[in-house]
Each structure stands twice: as C-alpha cells, then as structure tokens.
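Here's a quick tour of a protein chain, taken one theme at a time. Have the coordinates open as you read.

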Amino acid sequence: MSDILVRYGDTEINCPYGTKADTVLSRLGITDDRLAALRVNNEIRPLKTRLAINSVIEPVLLDTQEGSSIYRRSLAFLLAAAARKLFSGRHLYVGHSLGRSYYYTFSSGEAPTEQEISALQEEMEAIVRKDLPITFKYLSYDEALKVFSEKGQTDTVVLLEQRSTSRIKVNECGDFLDIYVEPLVPRTGLLSAFKLMLYKEGFLLRFPATGSNTLESYVDEPKIFKVFHEYKQWGRIVNVRVVGDLNSMIANRTIRDYIRIVEAHQVRKMAEIARQVYEQKDTIKMILLAGPSSSGKTTSAKLLSIELMVLGINPIAMSLDNYYVGTAKTPKDKNGNPDYECLEAMDISFLNEQLQALYRGEEITMPVYDFKTGVRIDTNGKKIRMPCRRSVLIVEGIHALNDALTHSIARNTKFKLYVSALTQLNLDDHNRVPTSDNRLLRRIVRDYQFRGKDAAGTIQMWSSVRAGEKKYIFPFQNSADAAFNSALDYELSVLKYYADPLLRAVKPSRREYAEASRLLSFLENFAPLPPQYVPGTSILREFIGDSEFKY
C-alpha cells in the first residue's frame, strides 16, 4: 500500500503503511527514556501501535499527568504478573486507591506475611531488571474466553460477556496475559519506582506523585480506608464485586431489586451519621460538609437533613458558594484567571461574622452570589436564624473542613463530614474502576444537563479541578469526624446512557478527544441502564436530573 504521512511538530516524514510508532519515533530521533506512550491524532496509543493513516504524533512522557496514569496502570500489571508466578494458587484482588497507593488483598482472605511481600517485591524488581517488553495483541473472542478461563480469571470471563466484538485486545509480558484496558509502558525497565508495604489485611502498592520518580513518605488515611473497606465487604455480601456481576443482573432483569438495596444501604449509612450528630446534640451547632467535585455534596446535605429531622433536630442549610468575595477581588492563578478554588476567594471575615450572629440567636440575611456576573449581593437573600437548642447549621462547600474558614467557631461545636464517590466495583480481579473517572462522568453529564457545557469543555477544565482538590480538599479529609460514600454501584451503567453520546460528540481535532476516547473505552465494559430505574431521591438524580429535591 502507499506511504502515509507522519507529522511531529514542524517535521513531516513518509512511512510505509503499518509502520510501528516506535520505529517512526526512532527515525525522528526521539529516544527519550521517559517515553510512556504516544498521542496519535489526539488519541493515546501504545508505542508498538502500527500507523495506518496520516498521523500527527506527540510523545507522552512519564512525568506528565497522562504518563503518570500509564505508569501506575503498568505497575499494577507488573504486580499481577509477579503474583501469578509466585502465588499461582492464590488470586490477587485490587481494592482501591489510598493516597498514592493501591490496596490489595488475596482471594483466600488470609493476610500476607512480611516474607511473602518481600518475595513479591523482589520478583517485581527482578522483572524490572530484565527490562522485558510489554506488548499487546488480539485474541479471538472464543480464544480469549478460553485463555482467561484456564488461568482462573473468572471475573475477566464474566466481564467479556458484555463485549460483542470478534476480537479481544490483551496486554502481554512474557507468559503473562491480561485484558487490555488502557496503554501500558513499552518495557518493564521503566517501572523502577515502587514499594510494597503491609497494610491491614493486605498490602499497598505505592507509587510516586506525578512528575516525580521517588516515593514520598506514606501518609495514612484511616477514615477513607474504613469507608472503602466496609463497602468492599458489603459488595461481597450482596455478590456484586465486579462489573460483570452488575452486567449479569441487568441482563437477567433483576437489577431493580439491587437498586433498591443499594439506595437503602446508602440511606442507612447516612442515618448512622445523623445518629452520631444526635449523640452530641447538646454541643454540635454546625455540620461542615465538604468533598471533591461531583461527589454529590448537595444531595448528601439534603439526605442528612431528612435523617436529622427524623431524630428531632432542625437543620438549617448554608452554602459557602454564596460567600465568594467576587471576581474583581479573587486572586489569580498561574494563568492569570480567577482562582475560585483558593481559600482567599472566600469572604472569611463576613462568613464568621454571620456565623457568630447565628450562634448568638440573631437573625441574618444570607448573601446571594451571582456566578454569571461574579458579584455578591448581601441584601436580598434568605433570612435565617437558629430558633432553638435543637437547631443545627449544615454548611456545605469546598473549604468546609478547613478550620481556617471558620476560625472563630469552637471546634467542639463543629461536626465535619467528608463526602466522596468511592465506588467499590472493579472491572475484574486486578483492574480497578478509578473513583475519579466516576466523578468525571458525573460532572460531564451534569454540566451538559444543567450548565450547557459540552463534554470537551468539562474535560478541558478537569485537570485544574483535580489540582484544586489535591490542594484544598484532600489534605483535610482525615480531620473529618465521619465520611460518607456517595457512590452507587449501579450508577456507571446509568451514566453510560447519558455520557456515551456526549463523549462521541468530541471530535478528533480536539485535544480532549484522547480523554473522551479513553472514557468511551472504559464504558464499553458496562451494560447500559435507562434512567427510569433511578429513584427520585437518589444522589444520582443530582447529575442526571428529575430529582425530587429542589436545588
């Protein structure tokens, strides 16, 4: 066939049809040891990809956000390969993220010993020293089912039942095969920075921060682990641990009962938190509720209000969104744009003045912030007061857990609640469902439904949102008195119903196409679920619409 044209920056070269991407890079003199993958026409591809059309290419380096994600997925692949060799009779289960680490357990339920973890670390290091190639290939559908069945990867077999393609893409390193989820690094020699560490009933796979090749000191997150662990155990009880289990219920039309169970379980968890507040009703005057973007904070506050009223407590809602100083006074970020994520964007003095007045039993007029004009109006808002001893403020917003925001209020009168969508589902035994993907899909759907923003626009600003979370939210999560998991194990199947067409509308000419393609590939693992199955009071309604709550 005729040659294809490959462009890199201002350089153009002709290559034979089907030339591997790494060969093209070599011809261009790009031999950077930090190469993780390649952006081809705005799609992230492995370095061994064969180029079949005219292409604009760009290297993806390990010290970028995209490269860091590839590094972590590749480490998980390396760990699975090493564990298969050392512990052939014990399946390894990935649990969830915990800081800059992933939590793992063995299917047997037995906690690993220090000697086993040491041996696993040494085996991983040995594979790294061998600098083995990590490649991909295609298997026929029937062959893939046979291979994963023979290897005892039953979760992967169940996952494949959702697929209707004649060939299945897999990653390969030596004699180890795993289903292809996303690109991996081209060789094991790149995976030198990691550490295994015993933790609880399992162990952690620790990895560096983005842009670094060294591990930071470990910071424990016991509250987040407790929530995750409880939900993982609950998932085992109801026999829904992996996506294939969920897809089977959708196919068998038994999903309605499961949705009722999931929703009831979440309500029960919120009732337990309300009970904690009730037990301190003589001292608690304020509940401060915070969490990352699209964690369902607004509906969580409404659910908590209902549970408090059941106990005879009068909740009064306050949104921190109304206490911004205004665009003109907001500090600028490194790009010269207003930084609404920083603490200085809030009128801390005015907020504390009003909180003190409420504590004294006085009536205040809450301000109203106009996001279209960037101006706060202090005179036309709702009038509120705390009329009785059993009244409690529910204050919701990005900095709520930061004591600097409510510095004039005594700590013993504040109850801090951290909310996040911590899904317990995995794709299969050692391929996880990232909680950030869950939240991003929620955000894409909500932004389109209620803010007129397309998927590309949401994806474009997501990295700055995540940066703000890491700086202003996550450092304070361990100070919370309680944590609430707003994830619903069935929700990704519903979000697929909305997000799929929005993601397909992102054109290849947009840089955001890479992320849109990745999310579409991820959603292929889920059977779609129509929205009529979702209860009107569900947190999911905050994102898809038709909620029984008023926002």
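## Salt bridges

Searching the whole structure turns up 34 salt bridges, each being a side-chain nitrogen of Lys or Arg within 4 Å of a carboxyl oxygen of Asp or Glu. A word on the ground rules: this is a predicted model, where local features need pLDDT of at least 70 and side-chain atom pairs count only at pLDDT 80 or more, while totals for chains, interfaces and linings use all residues. Residues are numbered from 1 along each chain as its sequence is written, and side-chain values use heavy atoms, with hydrogens and water left out.

Helices here are DSSP runs of H or I with at least four residues, strands are runs of E with at least two, and both are numbered from the N terminus. R34 is partly exposed at 37% relative accessibility, and D63 is partly exposed too, at 34%. For the burial labels, buried is under 20% relative accessible area, exposed is over 50%, and partly exposed is in between (1.4 Å probe, protein chains only).

## Bridges on helices

E123 and K85 also pair up, at 3.4 Å from N to O. E123 belongs to helix α3 (residues 114-130) and K85 to helix α2, so the bridge ties together parts 38 residues apart in sequence. E123 counts as buried at 14% relative accessibility, whereas K85 is exposed at 55%.

Another salt bridge, again 3.4 Å from N to O, joins E469 and R466. Both lie in helix α12 (residues 455-472), three residues apart, or about one turn of the helix. An α-helix has 3.6 residues a turn, so residues three or four places apart point the same way. E469 is buried, with a relative accessible area of 2%, while R466 is partly exposed at 22%.

## Helix α6

Helix α6 (residues 222-237) has 16 residues and should span 22 Å at 1.5 Å a residue, which agrees with its end C-alpha atoms being 22 Å apart. That expected span is 1.5 Å times one less than the number of residues. Its buried residues include F225, F228, Y231 and W234. Just past the helix, N239 has a positive phi of about 60 degrees.

H229 is part of α6 and is buried at 19% relative accessible area. What does H229 touch, leaving aside residues up to four places away in sequence? The answer is H96 and E201, where contact means heavy atoms within 4.5 Å.

## Nonpolar cores

A nonpolar core is a set of buried Ala, Val, Leu, Ile, Met, Phe, Trp, Tyr and Cys residues joined through side-chain atoms within 4.5 Å. The largest one has 55 residues, and L246, L441, Y490, L503 and F526 touch the most other members. Helix α13 (residues 491-504) gives the most to this core, with seven residues. Beyond residues up to four places away in sequence, L503 touches L441, I444, A455, I459, A516, L519, L520 and L523. Apart from this core lies another, of 45 residues, with Y199, Y323, I348 and I398 among them.
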